Amino acid sequence: MTDQALPPLLTVDTHIDIPWPDRGDFLQDTDYRHVDLPKLRRGGISAACLVAYVGQGATDPDSHAAISRQALAMLDAINRGVEGGPARICPLAAEIEAAFHEGITAIVPAVENGYAMGEDLSLLAQFRARGARYMTLTHNGHNALADSARPMPSLNDPESRHGGLSGLGREAITEMNRLGLMVDISHTARSTMMQAVRVSRSPVLATHSNARALCDHPRNLDDEQLDALRDCDGVVHITAVDAFLRPRDIRAQRAISVADYVDHIDYVAQRIGVRHVGISSDFDGGGTIEGWRNAAQSPALTAELQRRGYDRDQIAAIWGGNFLRVLRAAEAVAATA
C-alpha cells in the first residue's frame, strides 16, 4: 500500500507521564518535554491520557497517606494544566469524540500504581471525581493490592507477596468497576493479570505493554495473556520503551525504531486481532524511539501502519477506536452498578 493522506483520525495516546513537581508549562512549546499541548496538536493527537504516576515505596500507613496526597495533587495539576488552552478534561468517551469534532485536545487523567490508594478504597472515588479513567494496579514492586511483574529487592519484595491479587485488590477491582475506572494490568505479575481478567466485570486493558514473544521482558505479555485480553474484549497498547521492544543484544547494535514498534502491533493483530491492539508512547516516563521522540512526530506511526497495508478503519481502531470501546464498556458496567 502506498503512503497517502488519511482523513483526520481520532487518535489516543493512552499513557503519558506528567513531570513532577508540576512546572505549569503544559501549554508551552518546550524543548525539554516530550509532550506538551503544542506538540500534541502538531502531531495530530486528539486525546492524551496524562498519568499521575507514583513510584512504589513502603506500605505502612504514613507512607500510604503521603503518597495518596501526592496522587491527588498530581490529578489536580492535570486538571489545572489545561486551563487557557485549546484542551479540556474529557473523562467520557462521548466527550472525547465531541472534543475531536470541535478541534479541542481531550485530556484523560489516570493513575499509575494502585499504591496511590494505599489501603483506602474510598480514594478510588476521589480519583474518579478528578477525571481519572483508569488505574494501573501496580508499578515496579508489590503493593497492598497485587503482585508486580518486577519485585523490588530494595523494598525487600519476595518473588510473590499475594499470589496475584490480594483480597483488597479484588475489592478494588469491584469498586473500580462500579465507578467506571478501567483496570490497567501493565506492570502487574502474570498471576495478577490473569486473575484481574476473571474478577473484572468490564474489559481490562494494558495501557503500556508489549509482546513477550518479540522481547522476553517480565513487563511484556505472553501469548496466553494476549489470548486472555482477547477473550475479555480488552486491549494492549504497545509502548515506545526500547527495552520492552527489543532484547538487549539488539539494542546494543542499533537504535530501536518505529518499525520495531509496529512489529509488536503486527504480532498482536495477527494473534488476537486488530480489535485488541492500540498505541501508547510512555513519553516523559521512559518512552522514546528513533522516529518517535516526541508527540509532534506521531504521524510516523500512521505512515508505517499504512506501509504495512493497514486500511483506514484498522488504523482508526488501533489509534483510538479500541480504547474508546473499552472505555464505553466500563461506562456501561458502571451504569448498572
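## Second largest pocket

The second largest pocket has 14 lining residues, and nearest its centre lie E112, H139, H187, D282 and G285. A pocket here is an open set of points on a 1 Å grid over the protein atoms alone, where a 1.4 Å probe fits, with protein on both sides within 12 Å along at least five of seven lines; lining residues have an atom within 4 Å of a point. This pocket holds about 190 Å³ of space, the volume being that filled by probe spheres set on the points. Its lining comprises three nonpolar, six polar and five charged residues, with Asp, Glu, Lys and Arg counted as charged, Ala, Val, Leu, Ile, Met, Phe, Trp, Tyr, Cys and Pro as nonpolar, and the others, Gly among them, as polar.

## Basis

The model is predicted: local features need pLDDT of at least 70, side-chain atom pairs count only at pLDDT 80 or more, and totals for chains, interfaces and linings use all residues. Residues are numbered from 1 along each chain as its sequence is written, and side-chain values use heavy atoms, without hydrogens and water.

## Largest pocket

The largest pocket contains about 380 Å³ of space. It is lined by 22 residues, with L9, T11, G44, I45 and S46 closest to its centre. Two or more lining residues come from each of α3 (93-102) and α11 (299-307), helices being DSSP runs of H or I with at least four residues, numbered from the N terminus. The largest share, three residues, belongs to α11. By class, the lining has eleven nonpolar, ten polar and one charged residue.
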